[in-house]
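Biologist: I've got a structure open and I'd like to learn how to read it. Could you walk me through it, one feature at a time?

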Amino acid sequence: MIQRILLATDGSETALKATRWAAELAKKYGAKVTVLHVVHIPAALAGSTVLPGGATDVAVVTRLMEQAAEGVLTITTPLLEEAQVEYSTRIEYGHTADTIVRVAEEEKADLIVMGSRGLTDASALLLGSVSHKVLHAVHDKPVLIVR
């Protein structure tokens, strides 16, 4: 029985397709959806915001990433509201695949739903690196990867 669904999203087109799948499954089974967006700030990016005088500020980059994360949730959650399913949202920081696996355990998710490819440069791959890593890291619950 599916009672808890973890929806990992980055706002990409495949993530929005995955959202529609999660919404349909949640509606069918009366499950609750946790919408997760992981903010990954690489060290190289953190030092790349140059302020007046040549200074860099990690807080500026972090805030920009938080705003982007909020935007992802803004385009994702209306699909769940339209399906009239119960959901909550989480924004986490860390390595994307590792964080998805950790949150799935914390939320006691019965199913992980995610898109096959996100907003990365891995567009030439059939299965994106994050979804591939999650699929191979999770052994005790099903993972639905939507193309």
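Predicted model: local features only at pLDDT ≥ 70, side-chain atom pairs only at ≥ 80, totals over all residues.

Biologist: Let me start with a helix: what do the buried residues of H4 pack against?

Modeller: Residues are numbered from 1 along each chain as its sequence is written, and side-chain values use heavy atoms, with hydrogens and water left out. Helices (H or I, at least four residues) and strands (E, at least two) are DSSP runs, numbered from the N terminus. "Buried" means under 20% relative accessible area, "exposed" over 50%, and "partly exposed" in between, using a 1.4 Å probe and protein chains only. Contact means heavy atoms within 4.5 Å. Now your helix: the buried residues of H4 pack against S1, S2, S3, S4 and H5.

Biologist: Which residues of H4 are the buried ones?

Modeller: They are Ala 97, Thr 99, Ile 100, Val 101, Val 103 and Ala 104.

Biologist: On to the strands. In what order do they form the sheet?

Modeller: The general idea is that strands of a sheet pair through backbone hydrogen bonds, either parallel or antiparallel. Two strands count as paired if DSSP finds at least two bridges between them. Here, five strands make an open sheet, ordered S3-S2-S1-S4-S5, with parallel pairing. Strand S3 (87-93) and strand S5 (143-146) are at the edges with a single partner strand each, so one side of each has no neighbour in the sheet. From one strand to the next, the twist averages 20°.

Biologist: How many bridges join S1 to S2?

Modeller: Five, and the two strands run parallel. As an example, Leu 6 has Thr 34 in S2 as its bridge partner. Getting from S1 to S2, the chain passes through H1 in a right-handed β-α-β crossover. Right-handed means that, with the strands pointing away from the viewer, the path from the first strand over the helix to the second runs clockwise.

Biologist: And what about S2 to S3, how many bridges are there?

Modeller: Seven, again between strands that run parallel. Thr 34 turns up here too, with Ser 88 as its bridge partner in S3. S2 itself is mostly covered, with seven of its eight residues buried. Over at S4 (residues 111-115), four bridges join the strand to S5, and Met 114 stands opposite Ile 145 there.

Biologist: Which strands does helix H1 touch?

Modeller: H1 (residues 13-29) packs on the sheet and touches S1 (4-8), S2 (32-39), S4 and S5, with its direction at about 150° to that of S4. For such angles, axes are lines fitted to C-alpha atoms, for helices over the stretch in contact, and the angles run from 0 to 180 degrees between N-to-C directions. Helix H5 (residues 129-137) lies across S4 and S5, at about 160° to S4.

Biologist: Where is Gln 84 found, and what is its phi?

Modeller: Most residues other than glycine have a negative phi. Gln 84, in the loop between H3 and S3, has a positive phi near 60°. This residue is exposed, at 69% relative accessible area. Just after H4, Lys 108 also takes a positive phi, about 55°. Lys 108 sits in the loop between H4 (96-106) and S4 and is exposed too, at 55%.

Biologist: What does Arg 102 form a salt bridge with?

Modeller: With Glu 92, at 3.1 Å between the closest N and O atoms. Arg 102 is in H4 and Glu 92 in S3, so the pair ties together parts 10 residues apart in sequence. Salt bridges that share partners join Arg 90, Glu 92, Arg 102, Glu 106 and Glu 107 into one network.

Definitions and conventions:
Salt bridge = Lys/Arg side-chain N within 4 Å of Asp/Glu carboxyl O.
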